[in-house]
Amino acid sequence: MSVSAERIAAFRADIGGIACQDQQRVLEVKSKDYYWYSQILTEQLDGKLGQIVVLPTTEEQVITVAAAAAKHRIPVTVRGGGTGNYGQCVPMQGGIILDVTKLNRVLEISQGRVICQAGARIEAVETAVAETGQMLTMFPSTKRLATIGGFMSGGSGGIGSLRNGMLRDGGNVSYVRVVTVEETPQVIELRGPDILKVQHAYGTNGIITAMDYALMPAVDWQHTIALFDGYDTALACATDAQEDGIDAYLMTVVERRFARFYKRLEGVFPSDRDAVFAMIAPSDAEAFAAKVAAHGGTVTVSKSLHDLEAAGLPATWECGWNHTTLQALKHERGEWTYLQVAYPRPFDPAIALRQQERYGEELYFHHEMARMDGDIQIFALPILRWTSRARTYEIIDELERLDGCTVFDPHVITIEDGGMKEIDTAQIDFKKRADPHGLMNPGKTRGWTADMAQD
């Protein structure tokens with residue numbers, strides 16, 4: 001489905017001098033994200049293209065674009081850095097790709113908070129707040145490209161979630177500014193719990209133009225790699241470290257079969273050892289080393305980020321979360337896809353070890369430690385050897401039915417079938433207000449039906 005050339009031309013005339021692009025190569029690039037992690041999504045989404053890319057530089061220009069889109073009933077898909085994995089920024093019905101990366105200003109930095117425009121790259125925000133002796137409470141492993149608004153719209157957690165909770169936990173984001181898509185757009189400010197109306201909504205219910213984000217005092221974390229003779233002892237060490245309250249920003253347990261994907265870590269992560277990748281507070285570095293030794297492990301790396309980079313080694317945050325998936329796919333693309341698994345609380349390591357034995361060469365595991373609702377929550381983002389859709393969903397069923405896990409399906413494009421696991425009434429109610437014609441990122445939420453749209 002696409003919009004007629006006449007309507008696109010009328011839209012373009014209405015937005016005046018706002019920068020636009022419609023070259024085929026640009027449309028092809030801007031209509032994609034990292035959905036190629038999934039062979040299932042690749043089959044579904046390849047060839048879906050927007051018809052015009054619009055690059056506003058101010059909120060006023062966003063309002064102009066929103067009004068013209070509503071007037072001509074043209075779908076709008078908002079795009080940041082395009083680092084999502086589920087096709088969040090793929091335009092299912094053509095229309096407008098609203099690239100917000102020119103809305104990239106850091107507006108205000110105060111003690112514990114930063115306010116910035118939604119298109120600001122997360123690494124750029126990180127650099128700005130570092131000048132005040134602060135750092136972000138959390139960031140995705142794709143922070144060099146990802147935008148702060150994109151993370152808000154499509155993310156759940158990442159590096160820092162172990163210490164500071166998931167993205168939707170109270171306090172990480174407390175203010176969002178949203179432009180509605182209607183003939184006379186409104187600017188709506190959401191605060192406190194109301195930000196959940198647009199968090200992880202895939203850009204289906206309003207254009208985020210600015211938001212705040214939590215900061216913490218800067219820490220010169222020790223990037224640490226510890227090696228173990230078995231995955232069971234690596235997992236036990238990591239869980240024990242958390243139970244003992246060791247101050248860590250990241251803790252990822254990675255099995256030895258991943259070593260072949262980490263070319264830059266040859267010598268410090270060999271293929272005959274399982275690893276824990278961690279970011280440890282300097283004050284707790286000795287305690288963590290003692291914990292590793294108590295579990296029969298060895299610390300092969302413990303360096304500040306500056307010293308790590310000087311040694312030509314990657315940051316440990318590049319060895320966890322979905323960056324681990326990316327490493328595998330870069331080296332053996334087409335061979336693998338992945339899953340996203342949450343374990344019952346409290347975590348029982350025996351479940352993970354049974355899964356390793358059950359699936360053998362089908363699944364390679366790494367486990368991520370985070371905090372949810374104040375408690376430790378263990379996730380796994382295993383890579384899955386691709387065979388078929390049927391086998392993928394057979395494994396998903398087994399993980400949930402046999403092990404009591406929750407799988408956040410990364411092979412679907414709708415919010416409810418992936419991360420949310422339910423129709424979010426609050427988000428749909430807000431969509432009726434912020435997107436009354438149902439033009440925003442159509443096809444990405446089952447909670448919205450055609451009969452809800454205003455004529």
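Which residue forms a salt bridge with glutamate 318? Keep that in mind while we look at the salt bridges in this predicted model.

The partner is arginine 144, and the closest N and O atoms are 2.6 Å apart. This pair links distant parts of the chain, 174 residues apart. Glutamate 318 sits in the loop between α10 (305–310) and α11 (321–331). Arginine 144 sits in the loop between β7 (134–136) and α6 (148–154). Glutamate 318 is buried, at 11% relative accessible area. Arginine 144 is partly exposed, at 44%.

Next pair. Arginine 177 forms a salt bridge with glutamate 59, with 2.7 Å between the closest N and O atoms. Arginine 177 belongs to strand β8 (residues 175–179) and glutamate 59 to helix α4 (residues 59–72), so the bridge ties together parts 118 residues apart in sequence. Glutamate 59 is buried, with a relative accessible area of 14%. Arginine 177 is partly exposed, at 22%.

Third pair. Arginine 391 forms a salt bridge with glutamate 362, and here the closest N and O atoms are 2.6 Å apart. Again, distant parts of the chain are linked, 29 residues apart. Arginine 391 is in helix α13 (residues 389–401). Glutamate 362 is in the loop between α12 (349–359) and β17 (363–364). Arginine 391 counts as buried because its relative accessible area, 19%, falls under the 20% cut-off.

One more point, on shared partners. Salt bridges join Glu59, Arg177, Glu189 and Arg191 into one network.

And the total? How many salt bridges does the structure hold? There are 29.

Definitions and conventions: Residues are numbered from 1 along each chain as its sequence is written. This is a predicted model: local features need pLDDT of at least 70, side-chain atom pairs count only at pLDDT 80 or more; totals for chains, interfaces and linings use all residues. Side-chain values use heavy atoms; hydrogens and water are left out. A salt bridge is a side-chain nitrogen of Lys or Arg within 4 Å of a carboxyl oxygen of Asp or Glu. Helices (H or I, at least four residues) and strands (E, at least two) are DSSP runs, numbered from the N terminus. Buried means under 20% relative accessible area, exposed over 50%, partly exposed in between (1.4 Å probe, protein chains only).
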